[in-house]
Amino acid sequence: MSKEHGNLSINSQNIFPIIKKWMYSDHDIFYRELVSNACDAITKLKKLSMIGEYEAPDDIEYKVEIKLSAKDKTIKIIDNGIGMTKEEVDEYINQIAFSGAEAFLEKYKDKANDDQIIGHFGLGFYSAFMVADQVTIDTLSFKDGAESVHWSCDGGTEYDISEGTKTTPGTEITLYLNEDSYEFANEYKAKEVLDKYCSFMPVPIFVTNEDAGEQTEEIPEEEVTEKDTVLDTFIKDAVTEEVEKEDGTKETVEKVPAKKMAKIVKRPVAINDIHPLWTKHPNECSDEDYKEFYRKVFHDYKEPLFWIHLNMDYPFNLKGILYFPKINTEYESIEGTIKLYNNQVFVADNIKEVIPEFLLLLKGVIDCPDLPLNVSRSALQNDGFVKKISDYITKKVADKLSGMCKTDKENYEKYWDDINPFIKFGCLKDEKFAEKMNDYIIFKNLDGKYLTLKECLEENKEKHENTVFYVTDEVEQSQYINMFKNEGIDAVILTHNIDQPFITNMESKNENLKFKRIDADLSDSFKEETSKDELKDMTEKLSKTFKDALGKENLTVNVEKLKDASISSMITLSEESRRMQDMMKMYGMAGMDPNMFGAEGQTLVLNANNDLVKYVAEHADGENTKIICEQLYDLAMLSHAPLSPEQMTGFIARSNKIMELLAK
């Protein structure tokens, strides 16, 4: 072969620096491109062997090797795949952007379909120049009589090609790293990047640190195989222990017998799993398999609640596993991670075009070989096709949840507290999902029983038709909860942030339906029958007394005869005002003046049947009236919401003073 010097064939002289610097946002992605190309080369050779166009040696072990030298600042990526002839190097390397994978698929598309080819772009190889000042290729084609080829390029538009020295089929690419990229030859950094992109590639991948010298391990001699290189054999001493006998004497007992051992060159261990769980049929996978895979991929050691195994061949190819994670508290982030793969090659996290937005709260993997990726595999093309994938995933999740509610209601209810944020968010974001889940939304009542909306309304229609009372904090609203229970009125527990927009959405879809927090108003069920005139004078009198004592001229005071005489004071806040305040908090407007948005909906309710309230009514100018008014107001506020630090300080000081008065 004569030595040759030439120019890379590019349509525009400016395209090469663009490819090197801007084609990929993350420079570490060169590992994905080069390793997936190496896997491709092996997949192609295996296909040719299957259809009789290549006779592979009986002992061949297909693999990709990555050899690192931080000392020499080099990375070598070696495969024993299809290799290239000089003509193919000209076609696939020197003519940038011509895709060898595409040409191969076209030629063999009707002959073998078992394994997919990863690469669909001829540009992937050039990602090497993002991190390397010089790249060399040594390759030998599988074809009979093929000559070895050596190719070299220093990152400009010129290359050198000559006869190489490779003696076995396959390709070895060597990267001579630039100054900014030395870290990629570090063993730990390399493994971190490979774990990210290549954990599930379909060919075993082995990493060797060439600077570390020969690594060894010790194994029992009977476990040595023909593939092992034995450096030494030795006897491992028995493990003994001195024990005391019944007669008080001691003897030495052998715990582990002496064993013949062999010191061998350390066996290589692949860094990837070539048969990830999602490639298997659900019937082949145990619950423990799913949990172990979850721990391995997401490093989350809280067990997932349950999972959905996706497996579809038509009208597109899609496999995957979606996990519903357990959320410990409302304050823990519920942002999930959906890892997207293309033929077992990692593409990206949480691509919103493929994964419905509400399912981004889940954790999972989705592998879709049919994804229309762009050249950097980081964005999608063909919106219509991608929408079909998204719709399919939504349908499978809805089918799983509705099926569980129908056939495994006990577990559905057990999981509900954890999964309801996902479901409610989905109903807000996706109309089709909402329609499918409409009959499977459940609410936990004060007795811990789970009811559908229809059941909630049916159970309470005699006392409050078309109204569902709800609780957002069982501790703060305990006084109201006790009142409801005493009167046999039910309420549901809605403690998550998503509940507020969700119930507003439900009200808009169900005519006359109204959700009210239990402290929004006092039902007539809690009051004694009385005329308005009967309490008119007392209301006016107490209103003035409390406004003066508290210095709150805008305070709304209402006097009622409550059945429970032990209740002295309460705060009610109209549902509309409270929702407006919640919205202000949600949008970071909590520092604004609440009166702008209806804080006048807050009312101090005083119980005319309570002795303390009667005392204030009869002793408007009494020595202790002011302190009692302040205490009654703070007690009412405490049963409604936490006091501010200043209010709490005043409340504690006042409580101490009241106890001192009682002690005199």
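**Exercise 1.** How many residues does the largest nonpolar core have, and which have the most contacts inside it?

*Solution.* The model is predicted: local features need pLDDT of at least 70, side-chain atom pairs count only at pLDDT 80 or more, and totals for chains, interfaces and linings use all residues. Residues are numbered from 1 along each chain as its sequence is written, and side-chain values use heavy atoms, with hydrogens and water left out.

Step 1. A nonpolar core is a set of buried Ala, Val, Leu, Ile, Met, Phe, Trp, Tyr and Cys residues joined through side-chain atoms within 4.5 Å. Buried means under 20% relative accessible area, exposed over 50%, partly exposed in between (1.4 Å probe, protein chains only).

Step 2. The largest such core has 67 residues. Those with the most contacts inside it are Tyr 31, Val 35, Ile 66, Ile 75, Phe 125, Trp 151 and Leu 175.

Step 3. Helix α2 (residues 30-50) gives the largest share, 10 residues. Helices (H or I, at least four residues) and strands (E, at least two) are DSSP runs, numbered from the N terminus.

**Exercise 2.** Where is the place of Gly 83, and is Gly 83 buried or exposed?

*Solution.* Step 1. Gly 83 sits in the loop between β3 (74-79) and α3 (86-94).

Step 2. Its relative accessible area is 6%, so Gly 83 is buried.

Step 3. Leaving out residues up to four places away in sequence, Gly 83 touches Glu 88, Thr 139, Leu 140, Ser 141, Gly 170 and Thr 171; contact means heavy atoms within 4.5 Å.
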